[in-house]
Each structure stands twice: as C-alpha cells, then as structure tokens.
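Please open the structure in a viewer and keep the selection panel at hand.

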Amino acid sequence: MDVSKEIIEAVMEAGVVGAGGAGFPAHIKLNAKCEVVIANMAECEPLLFTNQALVQHYPDEVLKGLQIAMQATGAKKGIIAIKKKYEACKKALEDKIGNYENIVIHELGDFYPAGDEHVMVKEVLKRAMPMGGIPADVGAVVHNVETLYNIKRAYHDKKPVTQKFVTVAGAVRHPLVVKVPIGLKFAELLDLAGGPTVKNYILVDGGPMMGNEVDASDPVTKTTSALLVIPEGTVPYISRKARVEVLLKRAKAACCQCRICTDMCPRYLLGHSLQPHKIMRTVSYGIPDPETVKNSLLCSECGLCEITCPMGLSPRRINSRLKRLLQEKKIRFPKMNVERERPERETRKYPTKKLVARLGLASFFHQIEYADVKIDAKEVKLMLRQYAGLKLLPLVKEKDQVKAGEMIAKAPEGKPGVSLHASIDGVVASVDETSVVIRKE
Ligand code: SF4
Ligand code: SF4
C-alpha cells in the first residue's frame, strides 16, 4: 500500500475528526492533493487556551502531525498559522521546527475570527477561497493543531483518539486546561475547576462566540474545546437565552438598516455577497427575495454582527435558522469566485480585547495553564452522532468488558464517518440509539 493510503486508513481507524470545529473526518481532508497544509493555531475565541497548552507541551507531536499530513496530501509546504501574541507557543515550535523540512511559521494578528478558514487562507496565502468553496479549491488544506496531534498519534503511534484537551474557564474557581477521557461528564470537568463562582449561569461547550449551551450531564466529545461558565447578564448569556421567534419580531420592530452588521461582517469584507442587513430586511418584511436569503449559506455564524448591532439584534441567529431551512431543502450555495476583497477590510478587523470587553467577560480573560493531571473517570458516555448527523453503529452490547482504546462503534459501510473507541477500561452499562455508556467496575 502506498504511504498516503496507509496514513488515510490509520487516521480513519483511529477515529480522528477535526478537533476545533464541526468534527469533519480528518482522513477525508488527507485524501485531497494540495500544495500547502496550514496548521490552524489561531485559537481566536476569547477565554480558550486549549490549543496554546497543547502546542506548548507537545510541539513535536504537532509538527510531526503536520509532516504526516503533508506526506498524505503531497503538499510541498507546511505553515503553522499562529497569533503573534502566543509567544511561549511560538518559542516551543521554533525550538523544534529545525528538525522538520519545509515547515514555516506565519504570524497572525490578534483579531476575531482569525481562525475562520476563509479568513485564515486569505491571511496566510493571500488567496481568496471561492464562496461556497473549501481550502482545497485554492491548493490548501487546513487542520486544527489538535487534529494534527491526533494524526501523529494515529499514524506514528497507532493510538486511537480517546482523550480531549479542554479549557475550563469563565466563572469557575480554578480555570485550567486539562486532558480528559472523551465521554467525561461536564459536571466532573466543573469539579476539576473547583466549581462555579456564581449562582446563575449557563454552561457553554466551546467559545463564548460560537459555542453551544449544554447541560452538566452532557459529555465531552471529540470536538469539545472548552467548557465555559457564562454568568447571567453577560452578552453570551443573553444571546443564548433569546428565542429566534422573538428575535424575528424584534428585527421587524427595531432594525434601522444602519448596515453596521454588513460593514463589520468578516465574510462580506472578504468580498462575499453576504449582506446581513439585507437578509434582516427581507425576512422582517417577508420580501420574496430568494437570492438574498440564499446568501445566508455563506454565514460562518461568527457572531460579530450580533456584537456590533447598535439595536441588540442578531442577524447571526436569523442566518443560522435560514441556513438550516435551506439545508433541509438540500439547497447549497454554488461555488462562485469572490470578486475582490473590500478595501476597508484591514481597518475593520475586530481586536480580541475589544471583543472580550463587549462580551462582558474581561474579568475572566487571563492566561490559563495546563494541569497535567490523571483523571480517574468512573463513567463515560460516548456519543454515536458524528459530523452532519451521521450515526455510528455500535459494536458492543450491555455487560461487555472493554479496554481503553478498543473500537466500540464504526461508521456504516460506505459512509464518511470514523470509528469510536472506549476511553476507559470498564463494562458497557448501556447502549442505545445515541450513546454507549462505559462504567468502571
Ligand atoms: S446592525 Fe442591527 S440595526 Fe443595523 S442593519 Fe444590522 S441588524 Fe439592523
Ligand atoms: S455571523 Fe454575522 S458577521 Fe459572522 S459571518 Fe454571519 S453575518 Fe457575517
């Protein structure tokens, strides 16, 4: 078997998915030929230190993973795109980078959302991805640094993905970054951080801008980058509590068409046809304009429009609802070249510090360190749903004994999913449509 195929198979078998986003299977990206592989080390969501801790402590693994990804895709160059302000991480990489050929570092500015693939490819390669396109359309593949760490472990060490690096932050006693078994309940993560410091809060899986509200009984998944305790009264709390039906009514009553949402939208600034103010107008007044509505498919749901709207409206949530409706009808945005970047883009990049202040989270925005502790999980719940709702087929039944690293579910034949593995030794306590629970004896 040629090396590319060996890598792709090892990565699929080990259950590697994109660790920083929606969980797209990593082996599919490795199957594309490209000129350059970009390691995404922007970590642009405020309060998150997951990737920074990983790179600082495991620079060799990330570099080796990047080298393996270059080998699989035939890329001649690897670029680590890292924010200039992450000095300790940069130093850790610089100390090792000499051992790897054709890998360089590219410094990014400190703005949000630097990690969006369209933004990142533009920043690093000065190439505009087509609207509705992917990085491979301009000769690139982008992987999150934790995905590269997992690719290295899958191919080089023959280890499946059973653990996840997670930041626990916000209103907690002892914020930390920690490596935990996949399937650990969020309640246990909270305990590790000393518990919440406020009475009223929501839990968010991911960053304050794009993360989803979760319950303490939910488990860590392969895409959990953080667990944040977001106090009542802050912008991320308020925006997650608002129902989209109410937001629609508010849009009709209050949108003054100032177009600030459009002027600040990172995708619009790249030259995309997305103009959130027009979508707000169309939806509020029920104007039959399918072309404008279709532009919602270009929205990354970064949330900058919500943060900058002077009327406290949420074009993001409305776009998100429209996207779901269009996707249900199998409507896609056709791949289309971007005309040109808007000249004002450079001056409209939104600084992280300003974002944190606007979110009401400034008091939680400080360096968080990695705690290299061993977690003795008594129970884990491993979710069977993967990218785009694909459901894995369990390979175990109740009362089966399993060992950490053993395959317990796999994708249906011919479907683009990856395998799932036990993250602790134990007995299968339950198997249902959605999950496999393993309990330590
Ligand atoms: S920024 Fe707010 S008020 Fe202005 S056009 Fe956009 S949604 Fe309407
Ligand atoms: S969430 Fe708002 S700012 Fe972000 S891409 Fe969508 S429309 Fe633009």
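Predicted model: local features only at pLDDT ≥ 70, side-chain atom pairs only at ≥ 80, totals over all residues.

Residues are numbered from 1 along each chain as its sequence is written, chains are lettered from A and ligands numbered from 1 in the order in which they are written, and side-chain values use heavy atoms, with hydrogens and water left out.

**Stop 1: the open sheet**

Select β1 (36–41), β2 (77–83), β3 (103–108) and β5 (140–144). Helices (H or I, at least four residues) and strands (E, at least two) are DSSP runs, numbered from the N terminus. Together these four strands form an open sheet in the order β3-β2-β1-β5, with parallel pairing; two strands pair if DSSP finds at least two bridges between them. Because β3 and β5 each have a single partner strand, they stand at the edges, and one side of each lacks a neighbour in the sheet. From one strand to the next, the twist averages 25°. Zoom in on β1 and β2, which are joined by six bridges; there, alanine 39 has isoleucine 80 of β2 as its bridge partner.

**Stop 2: helix α6**

Next, select residues 117–125, which make up helix α6. Eight of its nine residues are buried, that is, under 20% relative accessible area, where exposed means over 50% and partly exposed lies in between (1.4 Å probe, protein chains only). Among the buried residues are His118, Lys122 and Glu123. The helix packs on the sheet, touching β1, β2, β3 and β5, and its direction makes about 115° with that of β1. Contact here means heavy atoms within 4.5 Å; axes are lines fitted to C-alpha atoms, for helices over the stretch in contact, and angles run from 0 to 180 degrees between N-to-C directions. The cover over the buried residues of α6 also includes β4 (111–112) and α12 (266–269). Lysine 126, which follows α6, has a positive phi, near 60°.

**Stop 3: strand β10**

Select residues 226–231, strand β10, where six of six residues are buried. Ala226, Leu228 and Ile230 point one way, and Leu227, Val229 and Pro231 the other way. Strand β6 (residues 163–170) pairs with β10 in the parallel sense over four bridges, and threonine 167 stands opposite alanine 226. Strand β8 (residues 201–205) runs antiparallel to β10, joined by five bridges, with valine 204 opposite leucine 228.

**Stop 4: serine 423**

Move to the loop between β16 (420–421) and β17 (426–431), where serine 423 is placed. Is serine 423 buried or exposed? Its relative accessibility is 8%, so serine 423 counts as buried. A polar atom of its side chain lies 2.6 Å from the backbone oxygen of isoleucine 182. Leaving aside neighbours within four places in sequence, the contacts of serine 423 include Thr162, Val380 and Ala404.

**Stop 5: the two ligands**

Select ligand 1, surrounded by 13 residues, of which the closest are Cys255, Cys258, Arg259, Cys261 and Cys309; a residue is near a molecule or strand if one of its heavy atoms lies within 4 Å of it. The elements α11 (260–264) and α13 (276–284) each give two or more residues to this shell.

Finally, select ligand 2, surrounded by 14 residues, the closest being Cys265, Cys299, Cys302, Gly303 and Cys305. Two or more residues of its shell come from each of α12, α15 (304–308) and α16 (315–328).

Terms used:
Polar contact = N/O pair within 3.5 Å; in protein donor to acceptor, adjacent residues only side chain to side chain.
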